Amino acid sequence: MEANVRWVALTAVAPVAWGANYFVTHEFLPADHPLYGAALRALPAGLVLLALCRRRPHGAWWGRSAVLGLLNVSVFFFLVFTASQLLPTSVASTVMAVSPLVMMLAAWPLVAERPGVAHLAGALIGLGGVCLMLLGGADGISLPGVLASAAAVLVSSVGHVLAKRWNAGAAGTGVLASTAWQLTTGGLLLLPVAVAVEGAPPPMSPSALIAFCYVGLVATALAFAAWFAGLRHLPAGTVGLIGLLNPVTGVLLGTAVAGEALTVRQLGGLALVLGGVALGRPPGKDGRAERRDDSVAPAAGSGRLPDPRRRRGIPPRVRGTEGC
């Protein structure tokens, strides 16, 4: 139980940082350079993590890093930057609130995690709470911005579930290393496209430089390391529900910065979101998969004891179908 609480708390760092990132991007970063904005967010963070882990991709991870870097970094960061500039922070966060449902559906075929009743109920309750908090006015709604935000949900959900699948079991690699490879690869893919499309880099004011430091170090390096650590140790449905803290952070930050008072409707929505997250949290034991594949019989003379579950007629667990 305590292990689950620790992993949930660590994973929650990511959506909180991302919720603040919408505000920082909208207020302080250059609006007409989304490709540079995405590249400057990804590449410095990736290089910092790469220097810390001091590991290069190996074997299949060269190709996996390219795929995950394209989905989770290059395309996702560009879409999020575009949505942040075209939409109010609350609206962009609201669209992203459908990510728990999308992630659960993506996890079903990709990692054989069938969403449970508690996960689905928690997602629907949390989504209802987000709508209750944020859906009120239609001012400033941009259809391209909504489409960019919705596409970001789809791309990131598939990318995050693939990261969970490829990091499962003995074939996986360290969270810090895989995160560094994704960010570095994604940034390198973005940089030449930014130069070709947007020309020279945007001028940097002191506020923009500070904002990029937050976006790169906190909302990217720290947040992605925490997020992928959660994906490795918790079911994808639970991690998706924790992502509902993203729009909650947007509302609370807007209230604190803009001096807006929380209404009864917003407080009720906040309670529903937190209730949805609590409902979808895995009970009891750590949900990690077993390190050993008991479905394979031990070789003769290996000295390994047979799985005691076979004696009781209980089928062995299959590695890769549980929360990792």
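Guide: From the N terminus on, the elements of the chain run α-α-α-α-α-α-α-α-α-α-α-α-α, which gives 13 helices and 0 strands, where helices (H or I, at least four residues) and strands (E, at least two) are DSSP runs numbered from the N terminus. This is a predicted model, in which local features need pLDDT of at least 70 and side-chain atom pairs count only at pLDDT 80 or more, while totals for chains, interfaces and linings use all residues. Residues are numbered from 1 along each chain as its sequence is written, and side-chain values use heavy atoms, with hydrogens and water left out.

Visitor: Why is Cys53 called buried?

Guide: Buried means under 20% relative accessible area, exposed means over 50%, and partly exposed lies in between (1.4 Å probe, protein chains only). Cys53 has a relative accessible area of 16%, and therefore counts as buried.

Visitor: What makes Cys213 and Ser205 partly exposed?

Guide: Cys213 has a relative accessible area of 41%, so it falls between the two cut-offs. Ser205, in the loop between α8 and α9, has 33% and is therefore partly exposed too.

Visitor: How many disulfides does a search of the whole structure find?

Guide: The search finds 0 disulfides, a disulfide being a pair of cysteine sulfur atoms within 2.5 Å.

Visitor: Which residues touch the most other members of the largest nonpolar core?

Guide: They are Trp18, Phe76, Phe77, Trp227 and Phe228, in a core of 54 residues, and a nonpolar core is a set of buried Ala, Val, Leu, Ile, Met, Phe, Trp, Tyr and Cys residues joined through side-chain atoms within 4.5 Å. Several helices each supply at least two residues of this core, among them α1 (2–28), α2 (34–53) and α9 (206–233). Leaving aside its neighbours within four places in sequence, Trp18 is in contact (heavy atoms within 4.5 Å) with residues including Arg41, Ala219 and Trp227.

Visitor: Why is α2 called oblique to α9?

Guide: The two helices pack at an angle of about 55°, with their axes 9 Å apart, the axes being lines fitted to C-alpha atoms over the stretch in contact, and angles running from 0 to 180 degrees between N-to-C directions. Angles under 35 degrees count as roughly parallel, over 145 as roughly antiparallel, 65 to 115 as roughly perpendicular and the rest as oblique, so α2 is oblique to α9. Among the residues that meet here are Gly37, Leu40 and Arg41 in α2 and Phe212, Val215 and Gly216 in α9.
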